[in-house]
Amino acid sequence: MVNANEMSKEMIAALSFSESEKKSLDEAREKPIIFDTDCPETTPEQALKFKRVNPPRTKIEKRA
């Protein structure tokens, strides 16, 4: 993870969203999610059947 305190103003400006990108994100937030026949909404019963692909990391692995 990057520490923003160690970044220059130019680096922070380069990583920030432009005004047009912010506008696009705001417009996307207002639109409803539309499910179709190819990708229907997941029911709670279906969600319970999902299994993790990657196992949770242990504290020892996180330090490495």
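**Reading a salt-bridged helix**

Mentor: D26 is partly exposed, with a relative accessible area of 43%.

Trainee: How is that label read, and what kind of model is this?

Mentor: Buried means under 20% relative accessible area, exposed over 50%, and partly exposed lies in between (1.4 Å probe, protein chains only). This is a predicted model, where local features need pLDDT of at least 70, side-chain atom pairs count only at pLDDT 80 or more, and totals for chains, interfaces and linings use all residues. Residues are numbered from 1 along each chain as its sequence is written, and side-chain values use heavy atoms, leaving out hydrogens and water.

Trainee: Which side chain meets D26 in a salt bridge?

Mentor: A salt bridge is a side-chain nitrogen of Lys or Arg within 4 Å of a carboxyl oxygen of Asp or Glu. Here R29 is the partner of D26, at 2.8 Å from N to O. R29 counts as exposed, at 59% relative accessibility.

Trainee: Where do D26 and R29 lie?

Mentor: Both are in helix 2, 3 residues apart, about one turn of the helix. Helices are DSSP runs (H or I, at least four residues), as are strands (E, at least two), numbered from the N terminus.

Trainee: How many salt bridges does a search of the whole structure find?

Mentor: The search finds 2. One of them joins K22 and E19, at 3.7 Å from N to O. K22 and E19 are 3 residues apart in helix 2 (residues 19-30), so about one helical turn separates them. K22 is partly exposed, at 39% relative accessible area. E19 is exposed, at 60%.

Trainee: How many helices and strands does the chain have?

Mentor: It has 4 helices and 0 strands. From the N terminus the order is α-α-α-α. Helix 4 covers residues 59-63 and includes K59. K59 is exposed, with a relative accessible area of 68%. K59 and S16 are 43 residues apart in sequence and 32 Å apart in space, C-alpha to C-alpha.

Trainee: What is the radius of gyration of the chain, against that of a compact globule?

Mentor: The radius is taken over C-alpha atoms, and the globule rule is 2.2 Å times the number of residues to the power 0.38. A compact globule of 64 residues would come near 11 Å, but this chain has 20 Å. Its C-alpha atoms fill a box of roughly 50 × 45 × 15 Å, along the principal axes.

Trainee: What share of the residues counts as buried?

Mentor: Of the 64 residues, 2% do.
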